[in-house]
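Open your viewer and get ready to click along. We will go stop by stop, with something to select at each one.

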Amino acid sequence: MSAIKNPEVKFTQLFINNEFVNSVDGKTFDTINPATGQKLAAVQEAGVRDVDLAVQAADEAFKFGSPYRQMDATKRAALLFKLADLMERDKVYLASLECTNNGKPFKFAMEDDLPTAIGVVRFYAGAADKVGGSVLPSDGKMFAYTRYEPVGVVAAILPWNYPIEITCVKIAPAIAMGNTVVIKPAEQTPLTALYLAHLAREAGFPPGVLNVVTGFGPTTGQPLIEHPKVSLIAFTGSTEVGSLIQREAARCIKRVSLELGGKSPLIIFPDADLDKAVRVAHLNCVINQGQCCVAATRTFVHESIYDQFVAKTVELARKRVVGNPLDEQVDHGPQIDEEQFNKVMTLIDSGIEQGAKLELGGKRIGQTGFFVEPTVFSNVTDEMDIAKKEIFGPVQQILKFKDKEEVIERANKTNYGLGAGLFTKDLNTAIEVSSRLNAGQVYVNQWLIGGVQVPFGGFKQSGIGREFGLEGLRQYCEVKSVIIDMPVKI
Ligand code: NAP
Ligand code: MG
């Protein structure tokens with residue numbers, strides 16, 4: 001399937017109460033194509049009053065007796081299934097728009113982002129009418145049962161690295177459980193969330209169920225998280241902003257879920273399938289230009305296979321095709337913007353200064369857009385910045401280890417705990433080491449497999465709560481216990 005080379009930007013206004021509207025004060029901001037640095041469109045910028053209108057619409061839609069609150073769970077499921085079908089219908093357009101706004105290669109958007117986004121909507125559509133409470137055995141004369149009720153208005157604050165996928169990961173479970181949502185996409189990537197809102201309206205969602213306010217963290221995100229009618233903040237992004245959101249949630253006891261950053265270790269034991277380990281380790285470090293929270297950015301390789309592993313990695317990295325993300329052959333596009341580009345380049349420089357060996361890459365490609373060469377460092381040690389900080393760029397760190405105890409300790413020596421992995425053919429090593437790695441997902445002989453059914457989320461400063469799978473529904477419901485006094489013991 002070919003990309004649409006110049007996808008038309010159809011929606012640039014805020015989406016409130018099933019209408020596309022201008023912001024109250026008419027402010028706009030430019031969204032760009034990171035492959036060219038050129039403006040794609042001027043998008044409406046939501047301020048305090050727009051945020052209030054969106055939250056009021058969501059709150060109205062949530063009120064007891066509203067069409068949405070009266071809706072059967074099977075109907076909510078049907079609407080989500082319809083939304084997934086419409087996304088499937090417009091998949092090539094959505095993937096092309098995503099690539100133009102985000103810079104990710106079209107083939108990955110088609111093979112990974114869109115299937116996951118559509119899959120997650122279908123998964124939670126299927127769950128909408130199947131999750132319920134239970135009748136409880138009780139002491140004495142009473143009848144007790146639990147009900148899973150929606151929390152209310154959800155503020156979904158999104159990052160720019162997987163825009164449509166993360167939008168769906170938030171809205172699908174929220175809607176499946178009967179919540180209403182106000183989405184704030186990242187300032188860099190507002191376009192696919194707006195198109196998704198259009199599809200939700202076409203699918204038949206009532207006004208106010210899904211709203212999109214585009215704009216910036218301090219002026220759009222902040223009033224949204226502070227709004228008294230928001231009951232839950234569902235956030236994906238940096239640990240710094242996540243911490244700020246948790247503080248706000250603490251101020252008025254809002255529910256909060258946080259999906260934050262990582263510095264995930266992947267351990268290659270000497271008995272690993274070497275070629276596969278090289279491929280998986282490299283790909284999952286540079287995929288999406290390294291802009292992936294669960295990138296395998298610390299590759300620990302046993303000393304007995306270290307030199308061979310590095311040589312094979314360099315050979316592989318050379319083959320990555322860099323270029324226009326809309327070209328179907330391209331593996332590697334630009335970083336999202338100049339700020340991220342500069343951050344990546346600074347960290348690469350620090351790696352060289354602190355004594356790591358630059359095996360490949362490390363430079364800017366061209367002067368147009370924000371392209372960074374796929375980069376491989378060897379001789380990386382634990383105290384270097386490139387081994388500790390989240391780079392969010394296509395930069396692989398290869399570290400050397402001697403034995404199992406040492407590498408487990410080093411792998412866990414981080415404040416993050418999102419992903420971890422190991423390559424070994426030994427079952428005992430696989431089970432023991434995976435149980436001792438402190439991370440929300442641990443992969444054996446692969447990376448980032450699991451799919452929409454498997455819970456995903458962080459230990460430690462990588463987050464709070466789980467997304468995907470039935471676990472992903474928990475944060476979107478309150479459990480209510482109803483206890484009825486009975487004249488007899490039943
Ligand atoms: P970010 O600053 O954490 O932003 C994430 C979202 O939060 C954006 O929509 C942002 O708005 C919003 N936001 C910022 N300040 C806010 C506030 N005071 N109140 C409410 N919302 C606020 O992430 P970023 O700017 O996109 O990237 C910075 C770093 O975050 C990256 O270098 C990377 O390390 C990390 N990151 C992690 C993930 C992940 O998946 N875990 C994803 C993306 C980025 P704006 O659009 O205005 O920024
Ligand atoms: Mg930002």
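Select E390 and ligand 1: a side-chain N or O atom of E390 sits 2.7 Å from an oxygen atom of the ligand, a polar contact, meaning a pair of N or O atoms within 3.5 Å. Then pick L260, where a backbone N or O atom is 2.8 Å from a nitrogen atom of ligand 1.

Show the surface next: of the 850 Å² of accessible area that ligand 1 has on its own, the protein covers 89% (Shrake-Rupley method, 1.4 Å probe).

A word on the model: it is predicted, with local features needing pLDDT of at least 70 and side-chain atom pairs pLDDT 80 or more, while totals for chains, interfaces and linings use all residues. Residues are numbered from 1 along each chain, chains are lettered from A and ligands numbered from 1 in written order, and side-chain values use heavy atoms, without hydrogens and water.

**Stop two: the shell**

Select the 28 residues around ligand 1; W160, E187, G217, Q222 and S238 come nearest (near means a heavy atom within 4 Å). The shell holds 14 nonpolar, 9 polar and 5 charged residues, with Gly counted as polar.

**Last stop: the domains**

Colour domain 1 (14–260 + 463–479) and domain 2 (265–451): each gives at least three residues to the shell around ligand 1. The bounds come from an automatic or database domain assignment.

How values were computed
Polar contact = N/O pair within 3.5 Å; in protein donor to acceptor, adjacent residues only side chain to side chain.
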